[in-house]
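User: I'd like to go through the cavities, the interface and the charged pairs of this entry with you. Could we take them in that order?

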Protein chains: 2
Amino acid sequence: MSSGAPPASPLDAELLAELRQLVPSDALLTAPEDLIPYAFDGTAAHRARPAAVVIPTDRDQLIAVVRAALRREVPIVTRGNGTGLSAGSLPSTGSLVVCLNRLDRILELDPANLTMMVEPGVVTQTISSAAEAADLFYPPDPGSMKISTIGGNVAENSGGLRGLKYGVTRDYVMGLEVILADGSVCWLGGKCVKDVAGFSLRDLFIGSEGTLGVITKILLKLVPKPAARRTLLATFASMEDAASAVSGIIAAKVVPCTLEFLDQKTIRCVEDFAHVGLPVSAGALLLIEADGNPAAVDAEIAVVEATCRAHHATDIRAAADAAEATRLATARRSAFSALARMRPTTILEDVTVPRSELARMVRFIETVATKHDLQIATFGHFGDGNLHPTFLTDERDEAEMVRVHTAMQEIVTMTLELGGTITGEHGVGLAKREFLPQQLGDASYQLHRQIKRTLDPAGLFNPGKVLAP
Amino acid sequence: MSSGAPPASPLDAELLAELRQLVPSDALLTAPEDLIPYAFDGTAAHRARPAAVVIPTDRDQLIAVVRAALRREVPIVTRGNGTGLSAGSLPSTGSLVVCLNRLDRILELDPANLTMMVEPGVVTQTISSAAEAADLFYPPDPGSMKISTIGGNVAENSGGLRGLKYGVTRDYVMGLEVILADGSVCWLGGKCVKDVAGFSLRDLFIGSEGTLGVITKILLKLVPKPAARRTLLATFASMEDAASAVSGIIAAKVVPCTLEFLDQKTIRCVEDFAHVGLPVSAGALLLIEADGNPAAVDAEIAVVEATCRAHHATDIRAAADAAEATRLATARRSAFSALARMRPTTILEDVTVPRSELARMVRFIETVATKHDLQIATFGHFGDGNLHPTFLTDERDEAEMVRVHTAMQEIVTMTLELGGTITGEHGVGLAKREFLPQQLGDASYQLHRQIKRTLDPAGLFNPGKVLAP
């Protein structure tokens, strides 16, 4: 894969010498073969070789490394385990990649205040498990949570399957420590549930995709673990029926924890991959999970079931036990991997529309696929309006890639016409940068540029991402 | 009250002439007697007369007025109904006060997407009632919600009694339209439940206290209305017992909607004012409300009751019906008014600590009161760690006011030592400005100043608030 990456320009020699003093010898990579894994992330068709990679092992090293790079005006691209889907951690020319996955300690779990302090390199699943061991719950569950790191989740403001009821990563970040462009280290937020002292700069850094500073520490909010959980699988002949069932569930004042949608193409791929007994002839499928107080969960599931029936569900299957529920959720999580086996290149889109526009949007994507002779499978978080139309394509086929790009532009335009967003949870990065001005409009885009210039005057933090240079 | 306000410097004559063209004649106030009501807000011991007050009646007028003032570099202080408790809407020298309470229309209620679009001058209670009429729920309920306007709630990121379970105003703002310093009008956010396109500038404006721009339109998030609600009153001999009961409730994985605390002094004042049968000899009182699915509410209330008993509650009383529950909640809401009758000046503090430090903080406040021979009654949102120590004092007594200030400094210092914040929900405004650098630290405070300079280079939006000029 790396063969296509343009050659990297060499790193500033004096910086390199300084870095050698700051980190252990195995923590500084410069040999071309060592740099290969850092030339791409989870985003198809994007690669670029870094000048060097440094992997600090603790906070002091990280701060020293970042300060050294800033002093010499060398661009810094931070990354974790590289699961990003918007080319947000792709190296830029002459950049030093700072990989944070060795800063992987849970620093404190405070059950009295329901908080957890972590380093940015902790894997999301590890946080989830640690919370669970204390009978608590960290709700955000991005699809890649078994590999992704919390620093990346915060930088991208990652979503997940439970967003409808529990919100996204932003809703669980109470505090952040960041290194600013002048090298100072700044703490934003704290353990107070309510705090209105000053601007919410913590929120400015969450979702800023590494373009405003480097996150060194994160204070997370936990919640009590739900006592019960029930999972339901509802099959529909058409996507419209599934969409109207979702509207019906919301209209019935029920907010399930998870409300996932798979179209026919995705159902078939997932079943072929995971063999969990999905109905391969169904037009659409909803995976619904309710959690909370046992009686409330039973009541919600009853409403969900009745609503699905009223909207012509052809089949409704309740997970018999926790094991089956996990199997079904895991199958849904495997959608991306399952689809990725179909053709050489998998481009995962992330458009999101107001919930009321879902059926229209899914139908439009189908029309676009037919029009441009493309394979697009769609799945996603129907409860959030967050869709993942997935292009199954081949980046070596230049003509097809031109059609992919045109189709994408049409999908983005329709998304914005419907009051939607170009990215619901994957971030802008490099992959969506060209579409951002269209979504934000002039005044907001210019304000973004002003903020970037203020916080990063020399343009050293993840240059070229989110905003055009 | 206005007699103490310093005389206002006259407004730029050309601007005045221009404003006369822009708004109806009754919407521009310049006569000294007309300016009196705009010389203060809900904050004791702060007043300053504006140069003029303009009260636009629609969005176009508002935009034209703000642009005219910006063009002539006249400072703008926006306000709603003036219920603020941090002197955040106090006029500054030579400023034009722009009062938004005539922009009071609900523009759209969208039940499919669970959103409501409103103008900034809509009274919070009106929003709450309109949501309820559609069988929906707008959770934020600041103490002043019957009078306060939503624009002020957003500018201050107001909290309320339901913060523990439902969060604060920030959590219900999906979109904002703002006028920026260059006069451009900028839309931030939208109806998508998930949206990670660009920085979260919406979050930067929420809670920025009118110092970064003028809010012209707000898109609010609604949630399904809880099906059931139950209220409990628990009495304790000591504040420590009440605090440990709160910790016990959280440890039992129950998050009630409301968990309010009243100390003995507050109990007596409220009972004397509202006559709802509060136990005036109790050392402390908790008002607890659970809401949601009926079975879940019953289960939660049972746990709360058992936990309170285990922590030595001397009496537990369940509200017999909705009417009694409302009566009790209203009594709690009247705490400020009840205390305000006691002495000429009432200074409502707003410090917040991590939940685990509550008992220590309340005890410290009592010590400070004794030490400086002051009357301080404390009530607040125990579930959030948000305390309202209330100074019952007399601003004409200079010696006492010096002691009040010393006591406040000691309370702030202890708050910060315990990892708390100088303001949980009232904002910094003018009243807390001197304490902000101590809380934020150098790096964060300087970053605040940079952001302010970037968004408001001429310093025209609510000058002198939050940050020192």
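**Cavities, interface and salt bridges**

User: Which elements of chain B each supply at least two residues of the lining of the second largest cavity?

Analyst: A cavity is a set of points on a 1 Å grid over the protein atoms alone where a 1.4 Å probe fits but cannot get out, and lining residues have an atom within 4 Å of a point. Elements are DSSP runs numbered from the N terminus, with helices (H or I) of at least four residues and strands (E) of at least two. In chain B, the elements that each give at least two lining residues are β14 (284-292) and α11 (322-333).

User: Happy with that! Which pLDDT do side-chain atom pairs need in order to count?

Analyst: Residues are numbered from 1 along each chain as its sequence is written, chains are lettered from A and ligands numbered from 1 in written order, and side-chain values use heavy atoms, leaving out hydrogens and water. The model is predicted, totals for chains, interfaces and linings use all residues, local features need pLDDT of at least 70, and side-chain atom pairs count only at pLDDT 80 or more.

User: What volume does the largest cavity have?

Analyst: Searching the whole structure gives two cavities of 30 Å³ or more. A volume here is the space filled by probe spheres set on the points, with grid points joined across faces, edges and corners. The second largest cavity comes to about 40 Å³, and the largest cavity to about 50 Å³.

User: Which element gives the most to the lining of the largest cavity?

Analyst: Leu233(A), Leu262(A), Leu278(A), Leu285(A), Leu287(A), Leu328(A), Ala331(A) and Arg332(A) form this lining. By class they are seven nonpolar (Ala, Val, Leu, Ile, Met, Phe, Trp, Tyr, Cys, Pro), no polar (the others, Gly among them) and one charged (Asp, Glu, Lys, Arg). With three residues, the element that gives the most is α11(A).

User: On to the interface: which three residues supply 17% of the area that chain A buries against chain B?

Analyst: The contact, meaning heavy atoms within 4.5 Å, takes 77 residues from chain A and 77 residues from chain B. Buried area is the accessible area (1.4 Å probe) lost on putting two parts together, summed over both, and here about 5,700 Å² is buried, 67% of it on carbon and sulfur atoms. More than any other three residues, the 17% share of chain A's buried area comes from Lys194(A), Val196(A) and Phe199(A).

User: Where does Glu425(B), the partner of Lys194(A), lie?

Analyst: The side chains of Lys194(A) and Glu425(B) meet in a salt bridge at 2.9 Å, N to O. This pair joins two chains, because Lys194(A) sits in the loop between β9 and α7 of chain A, and Glu425(B) in the chain B loop between α14 (398-417) and α15 (436-440).

Technical notes
On a 1 Å grid over the protein atoms alone, a cavity is a set of points where a 1.4 Å probe fits but cannot get out, and a pocket is an open set with protein on both sides within 12 Å along at least five of seven lines; lining residues have an atom within 4 Å of a point. A salt bridge is a side-chain nitrogen of Lys or Arg within 4 Å of a carboxyl oxygen of Asp or Glu.
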